[in-house]
Amino acid sequence: MSSILPWILLLAPLCSAACITLFALRWKALSSFISIMAVLLSFICSCLVFARADISAPQFGWIDVAGALKVPFGLTQDQLSKMMLVLVSGVGAVIHIYSLGYMRDDEGKSRYFGALSLFMFAMLGIVVANNFVMLFMFWELVGFTSYVLIGHWFYRDAAAAAAKKAFITTRIGDFGFMIGILMLWMATGSIVFAEITPRMSMLTSHPTFLTVVALLIFCGAVGKSAQFPLHVWLPDAMEGPTPISALIHAATMVAAGVYMLVRVAFVIQTSQTALLVIAWIGTITAVLAALIATQQNDIKRILAYSTLSQLGYMVMAVGLASNDASMFHLFTHAFFKALLFLAAGSVIVMLHHEQNIWKMGGLSQKLPITFVTFVAGALALIGCPPFSGFFSKDAILALAYQRNVPIFAVGLFTAFLTAFYVIRLLVIVFFGKPRSEVARESRESPAVMTGPLIVLALLATLGGFAFFARRFLALPIEKEVAVFVPAVAIVALILGSGLAIVLYRNRASEPLDLQLLRHKFYFDEFYRWLIYWTQELLAGVFAFFDRWIIDAGAVSGSGRGTLGIGALLRLIQIGNLQAYLFLFGLGIVALIYFAVFH
Amino acid sequence: MSYLELLKLASTEAVVVVTALVVLAIGLTTRREATGVTVATAQGDQNVGGSSSARTNAICSFIAALGLAIAIGTALMLPRKATLFSGMLVITPLTSLFKIICMALAFFAVLLTKSEKSLRHPGEYLAILLLATVGLMLLVSSEELLMIFIGLELLGLSLYVMVAFDKTDVRSAEAGLKYFLFGSTSSAFTLFGISLIYGMSGITSLAAISEKLATVSVQPLLAVGIVMTLIGFAFKIAAAPFHLWAPDAYQGAPIPSAAFIASGSKVASFVVLGKIVLVGFAPLHGDAAWHAMVAGWSPVLAALAALSILVGNFVALAQSNLRRLLAYSAVAHAGYTLIGLVAGDREGFSAALFYTTTYAITLVGAFGVVALVRRETAGDDFSNFSGLISRSPMLAGCMSIFMLSLAGIPPLAGFFGKFYLFSVALRADAGHGLLWLVAVALFGSLISLYYYLIVLKVIFVDEPSLAIASSPDHLSPDLLQRIAVAVLAAVVLFLGLMPDALAAGLLAAMP
């Protein structure tokens with residue numbers, strides 16, 4: 001059944017962004033109203049689309065160079081994309097509403113909501129794209145809007161630098177992504193997913209080529225989903241407003257990388273080598289980020305590293321060739337991580353933008369709703385039964401246990417670390433005595449902020465149960481290990497939590513001092529060094545080339561030369577015209593010579 | 001063939017001619033009054049004469065625009081296929097499409113004349129502009145060498161007058177003289193070439209020539225004939241080394257004339273050049289591949305293309321006047337477009353036509369911006385454009401669209417045009433024989449990015465100079481012209497996003 005609903009849900013945020021940017025920049029309330037209406041419209045349409053089994057959207061051609069390149073504008077409407085539509089627009093709607101409270105007094109509120117709408121458009125575009133060109137286009141648009149949103153408070157140097165870092169780092173991955181797309185296009189002659197799938201069999205005789213293509217496409221996900229070694233931008237991106245951290249850097253944008261991997265699984269799963277690399281990259285990211293998170297002091301940064309770690313789990317699942325497990329974790333993670341960020345935002349805004357956890361403490365009485373919802377999110381994150389995270393993480397661990405035991409071991413260790421740093425956060429922020437003036441005077445957030453928290457807390461609690469989740473996506477099937485793996489995971493959980501409680505109860509400062517972890521394994525320092533030296537070297541070479549060859553030779557030489565000739569010729573008006581006609585005649589003679597005697 | 005039917009098929013041309021006569025009559029009658037007034041109040045209030053002339057200008061522009069709109073309507077109603085007098089006047093989807101495009105370009109040129117203060121006799125100017133448009137349509141719709149030559153002359157003679165029209169400006173006269181001398185020389189060569197071809201084949205219809213030449217090998221005399229025939233068109237499209245008139249004409253001529261030369265004249269010349277080489281000289285294609293050049297017209301055009309790209313781009317680097325810069329970039333763009341014809345066949349031709357059409361639209365828009373800036377600051381050097389963003393963000397935005405499209409930046413029309421041209425050229429020959437030409441073109445567009453970005457830097461980064469800031473002439477912003485510029489910018493953007501809207505139509509209209 002053909003319907004324009006998918007188009008409406010895609011274009012509504014775009015219209016909103018256009019209206020706000022062009023007409024409504026001066027009226028803040030109107031901008032936020034337009035933006036929220038657009039995202040609600042998208043959400044309703046998504047639900048309608050989701051409810052109808054056999055829906056398809058009209059497709060139209062965009063670029064058609066006969067025989068070379070054909071790019072349609074078409075929308076994928078399968079179970080996977082429909083689930084993502086509901087998820088993205090739903091979480092997006094909740095965060096739009098929350099932003100009303102969080103950004104209440106912001107100067108750039110209109111700009112913020114305009115960019116937020118544009119981001120929704122781009123993200124929904126990634127979800128429904130039915131070919132690589134559209135996917136890449138929306139992919140870049142997501143990168144751009146996230147740049148705008150992270151740098152929303154651009155007058156703060158840290159925010160401006162973080163925005164640049166996020167954009168440039170993801171671009172590095174996108175470069176590989178683009179090359180991968182081009183190689184696939186060269187080999188199969190098409191960029192539409194549905195057309196490439198049957199043609200993949202032509203390539204099975206070139207396993208190396210397939211591996212290279214799969215890994216290059218994976219590069220895009222490494223950038224966007226902040227996997228090792230391009231993970232450095234995500235923690236810095238926490239300089240943006242907290243709703244943005246929740247929306248972009250927890251529930252949607254970073255999940256786009258995982259979603260893309262699942263979408264193009266038909267390419268990736270053709271190469272065992274690529275799958276193994278992907279699985280290990282995910283595993284390394286998961287454990288690395290969890291280790292770093294144990295020594296951070298900024299509440300949002302801890303959550304950012306936990307995001308990295310959870311994304312690592314999802315990529316690990318993709319690498320273990322189980323799309324279902326990966327999407328299941330993406331699904332539950334979107335709820336509980338958005339919840340954690342929003343609850344953290346509630347804490348931050350009530351403490352007048354204080355983000356250091358050692359300046360908090362004892363907030364469980366001051367902010368009861370925030371506390372309860374935060375606990376729900378935290379328990380889901382560490383995988384405590386019966387919260388949603390338990391089911392999805394368990395699915396991934398069970399999978400790893402079956403397919404690759406070393407990965408399972410590392411994954412289990414990560415689960416232990418996760419429990420440790422999350423409980424540490426919980427203990428320091430919400431228990432003990434308030435450790436600063438603002439913490440003593442804080443009070444609960446307004447309803448427009450706590451409302452979304454409660455909705456998300458419910459989803460984070462219930463989202464993992466089969467009766468709920470099965471409506472949205474295919475659940476991974478567990479086999480005989482059904483008892484062993486969860487049991488081990490719960491032991492890890494208890495060990496981690498217990499250790500954290502023992503270490504951090506009633507502390508006023510950090511008892512451990514692990515410089516390596518505190519400095520995030522010196523990644524930033526290493527990259528800075530690397531970039532500095534390559535840049536210096538390249539700049540030196542190019543400066544030489546520019547000064548002595550381009551400037552002195554090509555530009556100044558030809559430019560001044562012609563200018564000089566022009567000035568000379570202009571001095572003698574008669575000579576000018578005759579010279580011109582002489583050249584004209586000379587040209588004719590030369591051409592005839594060329595045509596006749598060549 | 002009754003006269004009534006002839007009139008029906010030539011209705012478009014007839015409407016434009018009638019409009020030209022009406023405009024001329026109005027211009028003549030009202031001008032006399034206007035001069036009378038001016039003489040009467042000799043040193044008195046000059047505003048009276050000024051406003052009367054402005055009113056005449058407005059009336060004439062309106063009638064000319066209306067006439068063109070009606071003519072476009074009649075062009076839409078032409079039959080799909082018809083041939084008159086063995087190819088003297090041919091109607092195909094392609095010719096109808098390009099008649100419409102030429103008239104649309106003339107329409108925008110008419111809009112530009114509205115704000116041109118230096119034109120003291122708008123009636124005469126517009127009448128000549130319309131006659132030049134008739135010349136364009138004859139060129140586009142003829143497949144017979146004599147008729148093509150007549151169209152060429154009608155167009156040429158009108159353009160000489162249009163370039164030299166501003167009698168108060170020495171540069172305009174100089175440009176007119178240069179254009180005339182070059183034009184008449186190249187016409188002479190073309191006529192000589194046509195007579196040589198006629199001597200070899202005994203006929204002037206393109207299709208028949210092609211049949212006759214199919215059995216002939218390339219003899220020196222025939223090669224001379226071909227080269228000489230092509231020279232007239234190389235002059236019209238300003239391909240190096242026959243481009244030397246262009247910088248002066250673009251800079252010295254009144255802006256609507258320059259815009260018309262850069263757009264309509266160029267589009268029609270490419271259409272007819274394509275027809276001559278691809279239909280008339282089809283058997284003498286030759287081969288322009290680097291290692292295996294075979295004599296024919298395609299190596300000649302390839303040489304012209306490469307030379308134009310290099311000369312145009314290099315010399316443009318050193319310009320500090322925007323109109324001169326556009327002139328040299330026009331030389332380079334003529335070179336790019338020729339690549340499509342060198343590639344040959346339907347697809348190459350349609351790529352060339354797509355490119356030249358989008359280029360013409362872009363250039364009319366750019367000249368529109370130049371006209372508005374010139375009106376405000378009385379000049380068109382780079383310094384007049386400095387800080388345009390703070391004076392008029394709209395114009396600055398449109399200009400950046402035009403410049404980036406010329407530079408070939410996605411998602412604008414210029415990018416797709418270049419992409420289409422180069423991909424066609426690469427596919428034309430199984431062994432990638434035209435790779436060298438594409439490499440030259442890519443190198444050229446790399447250089448060109450520099451000077452287009454310089455223009456944008458002047459507009460967006462440079463501080464507005466003091467002389468401009470204190471210029472008193474800020475009154476009456478020409479709304480109509482601004483809208484026209486914005487529409488053209490939107491078209492450039494649209495054709496970049498949805499190139500199929502034009503490209504598919506062109507390919508379908510190809511014979």
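Reader: How many aromatic pairs does a search of the whole structure find?

Author: The search gives 34 aromatic pairs over all chains. Rings of Phe, Tyr and Trp (its six-membered ring) pair if their centres lie within 6.5 Å; planes under 30 degrees apart are stacked, over 60 edge-to-face, and the rest tilted. Take F374(A) and F430(A): their ring centres are 5.2 Å apart with the planes at 50 degrees, so that pair is tilted.

Reader: Where in chain A do F374(A) and F430(A) sit?

Author: They link distant parts of the chain, 56 residues apart: F374(A) is in helix α17 (residues 368–382) and F430(A) in helix α19 (residues 405–430). Helices here are DSSP runs of H or I, at least four residues, and strands are runs of E, at least two, numbered from the N terminus.

Reader: Ok, and before I go on, what kind of model is this?

Author: This is a predicted model: local features need pLDDT of at least 70, side-chain atom pairs count only at pLDDT 80 or more, and totals for chains, interfaces and linings use all residues. Residues are numbered from 1 along each chain as its sequence is written, chains are lettered from A and ligands numbered from 1 in the order written, and side-chain values use heavy atoms, without hydrogens and water.

Reader: Are F374(A) and F430(A) buried or exposed?

Author: Both F374(A) and F430(A) are buried. Buried means under 20% relative accessible area, exposed over 50%, and partly exposed in between (1.4 Å probe, protein chains only).

Reader: Now the largest pocket. Which residues lie nearest its centre?

Author: W62(A), I63(A), V133(A), M137(A) and P411(B), out of 39 lining residues. A pocket, on a 1 Å grid over the protein atoms alone, is an open set of points where a 1.4 Å probe fits, with protein on both sides within 12 Å along at least five of seven lines; lining residues have an atom within 4 Å of a point.

Reader: Which element gives the most to the lining?

Author: α5(A), with eight residues.

Reader: And what classes of residue make up the lining?

Author: There are 36 nonpolar, one polar and two charged residues. Ala, Val, Leu, Ile, Met, Phe, Trp, Tyr, Cys and Pro count as nonpolar, Asp, Glu, Lys and Arg as charged, and the others, Gly among them, as polar.
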